[in-house]
Amino acid sequence: MSQPSVLFVCLGNICRSPLAEAALRAEAVAAGIAVTIDSAGTGGWHAGEPPDPRAIAEAARHGIDISGYRARQVRRQDFQRFGQIFALDQQNLRDLRRIEPKGFMGRPMAGHTARLGLLMDIVPGREGSAVIDPYGGTAEDFAQTWADVREAARHIVARLGG
């Protein structure tokens, strides 16, 4: 059986999705679960850039160094490489569905394995809600983003058997 794989997607891949990636990495390591984890953005204007300094600081507050992460844009192959792709808000989920490779009659293409979903849908009581976008906000907004993605990461690990 192949290793589980998860991709987190937000708009620019410098705030929410790198924090989600870091949270799941930490939870998976703590639970002793092997999982492939990455993050990306639906937009590409930050490609190659490190996370927002406030995201780096928030992760560091939890003992995690994300300064080496680099933003990238979602690619067609991501829909084949990852078993689960989580959008961090509804607009990015709509964008993922729009760019998802389609075959005949709009059906998923052969080799397409990714299941698309909204990240907070896996947290009981948070279904349909977005992870706050802290980009234009304060350190407290980044702390709230971390709390959300960490809670979701715990639920992902529980589903993976950790």
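## Salt bridges across the chain

In this predicted model, Asp-133 is partly exposed, with a relative accessible area of 42%, and it forms a salt bridge with Arg-16 in which the closest N and O atoms are 3.7 Å apart. The pair links distant parts of the chain, since Asp-133 sits in the loop between strand E4 (115-118) and H5 while Arg-16 belongs to helix H1, 117 residues away. Arg-16 is buried, with a relative accessible area of 3%.

A salt bridge also joins Arg-154 to Glu-27, again with the closest N and O atoms 3.7 Å apart. Because Arg-154 lies in helix H5 and Glu-27 in helix H1, this pair ties together parts that are 127 residues apart in sequence. Arg-154 is partly exposed at 37% relative accessible area, whereas Glu-27 counts as buried at 15%. Both residues belong to a network of salt bridges that also includes Arg-150 and Glu-151.

The side chains of Arg-72 and Asp-38 meet at 3.1 Å, N to O, in a further salt bridge. Arg-72 is in the loop between H2 and H3 and Asp-38 is in strand E2, so the pair connects parts 34 residues apart in sequence. Arg-72 counts as buried at 12% relative accessibility, as does Asp-38 at 17%. The whole structure contains 13 salt bridges.

## Two buried loop residues

Asp-52, found in the loop between strand E2 (36-41) and H2, is buried with a relative accessible area of 8%. Its side chain reaches the backbone nitrogen of Arg-54 at 2.7 Å, and, when residues up to four places away in sequence are not counted, Asp-52 touches Ile-14, Cys-15, Tyr-135 and Phe-142.

Tyr-69 lies in the loop between H2 and helix H3 (78-81) and is likewise buried, at 16% relative accessible area. Beyond neighbours within four places in sequence, the contacts of Tyr-69 include Pro-18, Glu-21, Ala-22, Arg-25 and Glu-49.

## Nonpolar cores

The largest nonpolar core has 34 residues, of which Phe-8, Leu-19, Leu-24, Ile-66, Leu-88, Leu-119 and Val-149 touch the most other members. Two or more residues come from each of strand E1 (5-10), helix H1 (16-31), helix H2 (53-61) and helix H5 (139-159), and H5 gives the most, with seven.

Leaving aside neighbours within four places in sequence, Leu-119 is in contact with residues including Phe-8, Phe-86, Leu-88, Val-131, Val-149 and Ile-156.

Conventions. Residues are numbered from 1 along each chain as its sequence is written. This is a predicted model: local features need pLDDT of at least 70, side-chain atom pairs count only at pLDDT 80 or more; totals for chains, interfaces and linings use all residues. Side-chain values use heavy atoms; hydrogens and water are left out. A nonpolar core is a set of buried Ala, Val, Leu, Ile, Met, Phe, Trp, Tyr and Cys residues joined through side-chain atoms within 4.5 Å. Buried means under 20% relative accessible area, exposed over 50%, partly exposed in between (1.4 Å probe, protein chains only). Helices (H or I, at least four residues) and strands (E, at least two) are DSSP runs, numbered from the N terminus. Contact means heavy atoms within 4.5 Å. A polar contact is a pair of N or O atoms within 3.5 Å; within protein, one must be able to donate a hydrogen and the other to accept it, and residues adjacent in sequence count only if both atoms are side-chain atoms. A salt bridge is a side-chain nitrogen of Lys or Arg within 4 Å of a carboxyl oxygen of Asp or Glu.
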